[in-house]
Amino acid sequence: MTTTFPDKTLLPDDTASLRAAARFVREHDSAALLPLLLPGLVGPDLQALAGHCRFAHAGLLLFPPDADVLRAQLAVCGLAVDTPSHPSVVVRERLARRHGRDPAELDVRILRPQVPGRHGERRAVEVFALTVPPHSGLEPIAAHERAHQHEAHLAFEIEDPEPLALRGLCAILVRHGARPDGGGYNPHEDGTVLYFTLPVDAACDYGRLELYARGDHRDTLAAHLDHPGHPGHPGHSGHAEDPYDRTRRDGRQPAETLLHLLTGAWTTQALAASARLGLPDVMDTRTAYRSEDLARLTGTDRRSLATLLRYLAMLGAVTQEPEPEPEPEPEPGQESHRKQERFRLTELGALLRADVPGSMRSLALMYGGPFYRSFGGLDHAVRTGQPAFDHLFGESHFDHFARDPELGPLFDQSMAASSRMFHPLPGHPVITAAARAHAPATVVDVAGGNGELLGRILTAHPRLRGILLERPHAVAAARRRLDAAGCGARCDYRPGDFADVPPGGDVYVLSRVLHDWDDDRCREILRHCARAMPAHADLLVVERLLPADGSPSLASAWDLHMLCNVGGRERRADHYARLLADAGLSLVGHSPLPLDAHVLHARKAAAAAAGAAAVPDPVTRRS
Ligand SMILES: C[S@@+](CC[C@H](N)C(=O)[O-])C[C@H]1O[C@@H](n2cnc3c(N)ncnc32)[C@H](O)[C@@H]1O
């Protein structure tokens, strides 16, 4: 194809770059890409960036002689453009400045052909095209830009560009070695662009990163352009005096990062202690309270509570409001309010209240309580392969919680606190097919906990019936949950053990059960299910999957939690496939759920082999 291009010496390079950009966009995910761009990015900083920034496009600059050749180049790379190109002012001016040209000489167009990600994510390649007609005198610009790739960049769109969050994300990038490098507000798109130069040890060929935030964020933009690391800043020098380079050279950055990580236990305890003290319950997101009033309401020491509140402000659970204007000197014997700080609960902190939908208070009490204690024995778990919890408490956490009238219900509530992962499940094709079946179908939730998931499924599908199998002590809570949801009359309860999985159901569910056990016990549980399942039945397994490529995932954190506290483990999809196969079941596919969870769809091996899998998996079919 390249032989049809007029300038054969230059065009194949551009086409190769274009192809590489499209491949890059297709193959990379936000969470996996960020640590490549910012080596050393881990923990809460990685989570914050990955949680807010969506990998949106890879950008590059091309040099076609005219619009027809550009179209041909895009077509060769399989890129379709269905919107007309429009002029790019920012890149044109940058090129003019860099090469000492009059901007009017340069025709730079911008196009954004769509390139969906591996899982259909909305993405694009952003193509800037500087028209370089033969003998135009612009060839040296093209040669220089090809060699240096100044405009090649990766762009992340901020999903929810709230000003404070935007500044926080910029600060994280800078902390991890990215250097502010220009930006602008585009009134035509009503969007703010912030550019950063990536650190030299970034593990990718792109040297720049773009943050794109919808809306007008000129305050943040001003701070960004005025940042001492910015090339245009008076304090900036491109070599030894650059503050970020100095930080990197003397090793302060890894030490600061490590310090931050080492204090992780303080974070857990600050949040758990505030929940135990009922602090979020006496606050709200609209009112700023004086620490003295909060101390009175929680029965705590004012000075100490203020210390805790300031730390919680660092974590984003509360905000610290400006101190009020100085008041007149107090009368003798009266305490001054001059130094009284005021604190307001944030939306994040409000999740620690007991009375809010989706409350995570119980999770805070579990992770800051018994599980916190057993994490102190992590080295024992790693040394012996046995759970630290059992070593410390003398019994498994299931047995320990079952005997404790407070911890048992607290554990059930804490499981429900991350039930956001269940949100898409009532719409899973297996469930909707069962709901549409001619005869009313039955969903069997094996070890269904407090009935949260079954309640959601039955509420969404009034024709479905349910059976919940649980250990006897947990059944009462499940009954209350399903009664409260108004679907108790369509549900039966089986107090019992995994060996008691009831036969004759249409859909079987094993949610967050297999990760509690070692492989042998998993095979046993799956065999109980397989034995009970009629030939046509489907099995849905909800678990976090360890990524096959080692990319960061909450599954890695919970893998450690399982090792330390439960004696189970998180697994990769292929590991589950093998366990299922050992029990005579076949993994049909899996699809993602919120909070890094997945739902795996399995059938009896014979049924799957006979092609009886009438219900497709929504994302990944394995066969
Ligand atoms: C991690 S919880 C998951 C609960 C629920 N499926 C969910 O996703 O929220 C594991 C459940 O397994 C139950 N379980 C533990 N041992 C069991 C056994 N031998 N037979 C039946 N259920 C058991 C526990 O009571 C607990 O509710």
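Tutor: What follows begins with the sheet, moves to the core, and then turns to other parts of the chain.

Please keep in mind throughout that this is a predicted model. The chain has 27 helices and 19 strands, and of its 623 residues 40% count as buried. Among contacts in the chain with a separation of 6 or more, 66% are between residues 24 or more positions apart.

The part you ask about is an open sheet of eight strands, which follow the order 2-3-4-1-5-8-7-6 with mixed pairing. Its edges are strand 2 (86-87) and strand 6 (179-186), each of which pairs on one side only.

The largest nonpolar core has 63 residues, of which Val125, Leu130 and Leu169 touch the most other members. The element that gives the most to this core is strand 1 (residues 53-62), with seven residues. If we set aside residues up to four places away in sequence, Leu169 touches Ala48, Leu49, His52, Cys53, Ile158 and Leu211.

Leu70 is found in helix 4 (residues 67-76), and it counts as buried because 22 other C-beta atoms lie within 10 Å, where 20 or more are required. Apart from its neighbours within four places in sequence, Leu70 is in contact with Leu62, Pro64 and Ala129. Leu70 and Thr15 are 55 residues apart in sequence, while their C-alpha atoms are 9.5 Å apart in space.

Now to the rest of the chain, where a second, separate core of 54 residues includes Ile431, Ala434, Val507 and Leu510. Strand 15 (residues 507-511) pairs with strand 16 in the parallel sense over five bridges, and the bridge partner of Tyr508 in strand 16 is Leu539. Strand 16 (residues 538-544) is largely enclosed by the rest of the structure, because seven of its seven residues are buried. In a regular strand the side chains alternate between the two faces of the sheet. In strand 16 both faces are covered, with Asp538, Leu540, Val542 and Arg544 buried on one side and Leu539, Val541 and Glu543 buried on the other.

The ligand is surrounded by 16 residues, and the closest of them are Met415, Ala447, Gly449, Ser511 and Arg512. By type, the residues of this shell divide into seven nonpolar, three polar and six charged.

A contrasting case is His423, placed in the loop between helix 20 (407-417) and helix 21 (429-436). His423 is exposed because 12 other C-beta atoms lie within 10 Å, and a count of 12 or fewer is classed as exposed. Even so, the C-alpha atoms of His423 and Pro594 are separated by 7.8 Å, although the two residues are 171 residues apart along the chain.

Conventions:
Residues numbered from 1 in each chain as written. Predicted model: local features only at pLDDT ≥ 70, side-chain atom pairs only at ≥ 80, totals over all residues. Near = placed C-beta within 6 Å. Nonpolar A, V, L, I, M, F, W, Y, C, P; charged D, E, K, R; others polar. Core = buried A, V, L, I, M, F, W, Y, C linked by C-beta atoms within 7 Å. Helix = DSSP H or I, 4+ residues; strand = E, 2+ residues; numbered from the N terminus. Contact = placed C-beta atoms within 7 Å. Pairing = 2+ DSSP bridges.
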